[in-house]
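Student: I would like to learn how to read the features of a structure one at a time. Can we take each general idea and then the case at hand?

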Amino acid sequence: MRAVTWHGKRDVRVDTVPDPAITEPTDVIVRITSTGICGSDLHLYEVLGPFLSEGDVLGHEPMGVVEEVGSGVAAVAPGDRVVVPFNVSCGTCWMCVRGLHSQCETTQVHAHGKGGSLFGYTKLYGQVPGGQAEYLRVPFGDTLPIKVPDGPPDDRFVYLSDVAPTAWQAVEYAAVPDGGSLVVLGLGPIGDMSTRVARYRGIENVIGVDLVPERLERARARGVTVLDLSRHGRDLVDHVRELTDGRGADAVIDAVGMEAHGSPLGKIAQQLTGMLPDAVAARLMETAGMDRLNALYSAIELVRRGGTISLSGVYGGMADPLPMLTLFDKQIQLRMGQANVHRWVPQILPLLVDGDPLGMDDFATHRLPLDAAPEAYATFQAKKDGMVKTLLQPASGRAPAR
């Protein structure tokens with residue numbers, strides 16, 4: 001089959017790799033019809049090379065049609081349309097039963113002290129082959145795939161894999177009080193979707209911050225107050241306070257994460273780490289890694305005293321300097337973590353079946369064939385061509401080889 005594979009920093013290719021096969025009775029094989037490129041994939045493209053092997057298959061936002069099922073699978077059958085969550089979660093362990101699917105005890109990566117495995121996301125999270133491919137082996141066939149109805153286009157449902165539940169959890173964790181205000185830092189796919197979820201859930205005062213004109217315009221068109229960081233960076237706090245009764249926002253969602261603009265020391269540290277041999281770089285990142293924390297520092301400034309910061313952007317540092325005195329003095333609550341996809345599906349899926357209140361059908365800015373992935377990664381990383389969200393669409397109609 002054809003699949004998007006990692007070959008080095010800023011070097012992804014579409015290669016021919018072996019077809020996946022059923023290895024456990026509970027496995028299913030899914031023929032992928034749409035698969036997203038995530039902002040988190042850019043971390044693999046840019047800084048997390050020490051935790052990847054050449055030829056690793058990327059991607060964790062797929063959906064498609066069940067092609068084959070193992071002998072122990074009863075919940076789905078060939079021909080069923082399914083979305084595959086990015087969490088590789090069993091659905092039945094102590095953590096999963098409590099809605100913490102990202103901490104699944106069945107797939108935790110004990111060798112690296114990490115939570116549940118993820119599709120297409122480094123040795124730290126299980127090195128499980130990803131979904132930017134023509135076919136995908138999906139374990140836990142009775143509990144992991146999300147069955148969706150025929151009819152609406154893939155765009156309506158594919159974001160159940162990651163974007164929609166991640167944004168839903170970000171807003172849930174933000175805990176905005178009735179009549180309160182929310183700032184969303186970063187209007188990439190997760191930030192944009194977070195503003196949509198927030199508005200849908202009745203939060204009127206939603207303020208989006210970014211510096212890419214196309215992203216700002218997308219949010220503005222859906223009723224979000226937007227602030228251009230390139231114009232208001234120096235006085236961003238003052239502008240937000242003007243919009244929030246002088247106190248600051250009740251909650252801030254950091255949808256940027258480790259690769260924030262305006263963090264020169266963190267950028268230099270990441271670049272230097274990238275020059276080291278993989279074994280040395282991996283050890284350094286696991287013990288003394290430093291993120292570019294400008295977005296988090298901004299969130300701490302922008303949130304009001306007694307407010308909440310919800311982190312959905314990915315951070316990977318182990319030695320990040322945090323202003324603990326400020327966090328303590330302002331009585332700030334921090335909530336964070338990988339999204340627990342299945343925890344939020346019962347609330348999101350009915351919205352997608354009954355209509356399109358979150359604007360899923362036109363959320364993608366680009367729909368491209370799988371072979372265009374290398375150019376799409378480069379464009380997305382450079383924030384060019386108005387690219388906010390790309391769906392890759394494998395064209396294979398053949399059955400996987402056996």
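Tutor: The chain has 14 helices and 15 strands. The model is predicted. Of its 402 residues, 56% are buried.

Student: What share of the contacts between residues at least 6 apart in sequence joins residues at least 24 apart?

Tutor: That share is 74%.

Student: How should I describe two packed helices?

Tutor: The description takes the angle between the axes and the distance between the axes.

Student: Which residues of H1 and H14 meet?

Tutor: From H1 the residues are Gly39, Asp41, Leu42, Tyr45 and Glu46, and they meet Tyr377, Ala378, Phe380 and Gln381 of H14. Sorted by class, this contact of H1 with H14 holds 5 nonpolar, 2 polar and 2 charged residues.

Student: Is H1 enclosed or open?

Tutor: H1 is largely enclosed by the rest of the structure, because 7 of its 8 residues are buried. The buried residues in H1 are Ser40, Asp41, Leu42, His43, Leu44, Tyr45 and Glu46.

Student: Next, aromatic pairs. How many are there?

Tutor: The count comes to 2 aromatic pairs. One is formed by Tyr45 and Tyr377, with 5.5 Å from centre to centre and 40° between the planes, and this pair is tilted. Tyr45 sits in H1 (residues 39–46) and Tyr377 in H14 (residues 373–382), so the pair ties together parts that are 332 residues apart in sequence.

Student: Are Tyr45 and Tyr377 buried or exposed?

Tutor: Tyr45 counts as buried because its relative accessibility is 6%. Tyr377, at 0% relative accessibility, also counts as buried.

Student: What is the geometry of Tyr159 and Phe363?

Tutor: The ring centres of Tyr159 and Phe363 are 5.2 Å apart and the planes stand at 75°, so this pair is edge-to-face. Tyr159 belongs to the loop between helix H3 (154–158) and H4, and Phe363 to the loop between H13 and strand E14 (366–369), so the pair ties together parts that are 204 residues apart in sequence. Both Tyr159 and Phe363 are buried.

Student: How do H4 and H13 pack?

Tutor: Helix H4 (residues 163–174) and helix H13 (residues 341–354) have axes 9 Å apart, at an angle of about 100°. H4 and H13 are therefore roughly perpendicular to each other. In this packing Ala164, Pro165, Trp168, Gln169 and Glu172 of H4 meet Val341, Trp344, Gln347, Ile348 and Leu351 of H13. The residues of this contact of H4 with H13 comprise 7 nonpolar, 2 polar and 1 charged.

Student: Now single residues. Where does Asp210 lie, and is Asp210 buried or exposed?

Tutor: Asp210 lies in strand E9 (residues 205–210). Asp210 is buried because its relative accessible area, 8%, is under the 20% cut-off.

Student: What does the side chain of Asp210 reach?

Tutor: The side chain of Asp210 reaches the backbone nitrogen of Val212 at 3.0 Å. A polar atom of that side chain of Asp210 also lies 2.6 Å from the backbone nitrogen of Leu187. Leaving aside neighbours within four places in sequence, Asp210 is in contact with residues including Gly186, Gly188, Arg215 and Asp228.

Student: Where is His101 found, and what does His101 touch?

Tutor: His101 is in the loop between helix H2 (94–97) and strand E6 (135–138). With 8% relative accessibility, His101 counts as buried. Not counting residues up to four places away in sequence, His101 touches Asn87, Ser89, Met95, Cys96, Asn340, His342 and Arg343.

Technical notes. Residues are numbered from 1 along each chain as its sequence is written. This is a predicted model: local features need pLDDT of at least 70, side-chain atom pairs count only at pLDDT 80 or more; totals for chains, interfaces and linings use all residues. Side-chain values use heavy atoms; hydrogens and water are left out. Helices (H or I, at least four residues) and strands (E, at least two) are DSSP runs, numbered from the N terminus. Buried means under 20% relative accessible area, exposed over 50%, partly exposed in between (1.4 Å probe, protein chains only). A polar contact is a pair of N or O atoms within 3.5 Å; within protein, one must be able to donate a hydrogen and the other to accept it, and residues adjacent in sequence count only if both atoms are side-chain atoms. Contact means heavy atoms within 4.5 Å. Axes are lines fitted to C-alpha atoms, for helices over the stretch in contact, and angles run from 0 to 180 degrees between N-to-C directions. Angles under 35 degrees count as roughly parallel, over 145 as roughly antiparallel, 65 to 115 as roughly perpendicular and the rest as oblique. Ala, Val, Leu, Ile, Met, Phe, Trp, Tyr, Cys and Pro count as nonpolar, Asp, Glu, Lys and Arg as charged, and the others, Gly among them, as polar. Rings of Phe, Tyr and Trp (its six-membered ring) pair if their centres lie within 6.5 Å; planes under 30 degrees apart count as stacked, over 60 as edge-to-face and the rest as tilted.
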